Amino acid sequence: MRRVNGTALIIAALVATLGALAFPVWSYADRSGTGQANVDAGTVSTQWGPLTATDRDFLVKVRLAGLWEIPAGQQAMERAPTEAIRDAGDHLIVGHTDLDRRTRSVAARLNVELPNQPTDQQQGWLNELAAARGLDYEQKFANLLRNSHGKVFALIAEVRHTTRNTLIRQLATDSNQTVLDHITMLERTGRVDFDGIADEAAGKLTASPTGPPAASNAVPSAPPASPTADDKSFTSRPSAPGEGNINTSRPEPED
């Protein structure tokens with residue numbers, strides 16, 4: 001009986017050891033249900049590179065942005081309570097009309113279906129703007145649009161960083177220029193509630209921010225970053241100083 005029990009213990013130990021060795025293989029990143037598997041499951045091949053579910057979501061969201069921001073810009077141009085609001089509205093119309101054309105061109109080549117109506121939430125924002133008057137309108141216009149642009153900024157950065165599709169990568173670059181231009185113009189209205197934006201973002205943080213501790217005394221400023229090589233024959237130069245406008249000039253998309 002003791003020999004049987006001893007044999008059973010040895011077999012159990014061997015089974016446990018084999019299980020421990022097998023678990024890392026089973027739990028490897030490409031098994032079903034993991035991040036890599038989820039990416040692969042939603043990816044299709046195209047002549048311009050793999051097209052992921054995130055890439056397709058990006059196309060849809062850029063299209064949706066134009067579907068509500070162009071009407072918002074037209075409304076601002078019609079009301080024109082201030083020159084800054086009118087200028088921001090003008091940039092919304094011009095920027096998203098151009099970006100929408102590029103988005104539809106890319107979507108057609110990649111066989112991605114795009115929406116033709118804004119979402120219920122976006123239509124709700126348009127309704128809010130239509131009902132607002134005076135200073136309330138200016139504040140809603142600046143903050144609804146500034147907040148929307150700030151959120152899509154994160155998606156653009158993710159797509160630009162991770163996409164393997166050349167068409168999507170170029171569209172992300174174009175979108176980045178347009179969104180930054182619009183953020184700049186909206187901030188120039190003087191109506192953006194930066195405290196509100198920061199508070200909303202802070203409420204979504206799941207980890208403590210990192211960085212140097214707050215200084216109790218003034219600290220010396222860091223020296224400017226500059227090349228250390230002796231060769232000063234650089235081919236690129238900083239852009240000419242202006243009034244802070246974002247350069248959105250870019251080549252026409254291919255047909």
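Which residues does Leu-171 touch, not counting residues up to four places away in sequence? In this predicted model, Leu-171 touches Phe-58, Leu-59, Leu-99, Arg-102 and Thr-103 once those sequence neighbours are left out.

**Overall fold**

- Among the contacts that join residues at least 6 apart in sequence, 77% are between residues at least 24 apart.
- Of the 255 residues in the chain, 30% are buried, while the accessible surface of the chain comes to about 16,700 Å², with 56% of that area belonging to carbon and sulfur atoms.

**Nonpolar cores**

- In soluble globular proteins, nonpolar side chains tend to be buried together.
- The largest nonpolar core in this model has 21 residues, of which Phe-58, Leu-59, Leu-110, Val-112 and Ile-168 touch the most other members.
- The elements that give two or more residues to this core are α3, α4, α6 and α7, and α7 gives the most, with six residues.
- Phe-58, one of the residues that touch the most other members of the core, is in contact with Leu-155, Ile-156, Val-159, Ile-168, Leu-171, Ala-172 and Ser-175, when its neighbours within four places in sequence are left aside.
- Apart from this core lies another, made up of 16 residues, among them Ile-85, Trp-125, Leu-126 and Leu-186.

**Leu-171 in helix α7**

- Leu-171 lies in helix α7, and it counts as buried because its relative accessibility is 2%, which is under the 20% cut-off for that class.
- Leu-171 and Arg-160 are eleven residues apart in sequence, and their C-alpha atoms are 8.6 Å apart in space.

**Largest pocket**

- The largest pocket holds about 450 Å³ of space, and of the 22 residues that line it, the closest to its centre are Lys-61, Gln-122, Ser-148, Lys-151 and Val-152.
- Two or more lining residues come from each of the elements α3 (53–79), α4 (83–110), α5 (120–131), α6 (134–162) and α7 (166–187).
- Helix α6 gives the most to the lining of this pocket, with eight residues.
- By residue class, the lining of the largest pocket divides into eleven nonpolar, eight polar and three charged residues.

- Asp-57 lies in helix α3 and counts as partly exposed because its relative accessible area is 32%, a value in between the 20% limit for buried residues and the 50% limit for exposed ones.
- Asp-57 and Val-112 are 55 residues apart in sequence, yet the distance between them in space is 9.6 Å, taken from C-alpha to C-alpha; Val-112 is also one of the residues that touch the most other members of the largest nonpolar core.
- Asn-111 lies in the loop between α4 and α5, and its phi is near 60°, a positive value in a residue other than glycine.
- With a relative accessible area of 73%, Asn-111 is exposed, whereas Leu-171, at 2% relative accessibility, is buried.

How values were computed: Residues numbered from 1 in each chain as written. Predicted model: local features only at pLDDT ≥ 70, side-chain atom pairs only at ≥ 80, totals over all residues. Heavy atoms only, no water. 1 Å grid on protein atoms, 1.4 Å probe; cavity = no way out; pocket = protein on both sides within 12 Å on 5 of 7 lines; lining within 4 Å. Points joined across faces, edges and corners; volume = space filled by probe spheres on them. Helix = DSSP H or I, 4+ residues; strand = E, 2+ residues; numbered from the N terminus. Nonpolar A, V, L, I, M, F, W, Y, C, P; charged D, E, K, R; others polar. Core = buried A, V, L, I, M, F, W, Y, C linked by side-chain atoms within 4.5 Å. Buried < 20%, exposed > 50% of the residue type's maximum accessible area, 1.4 Å probe, protein only. Contact = heavy atoms within 4.5 Å. Areas by Shrake-Rupley, 256 points an atom, 1.4 Å probe, with all protein chains shown as cover.
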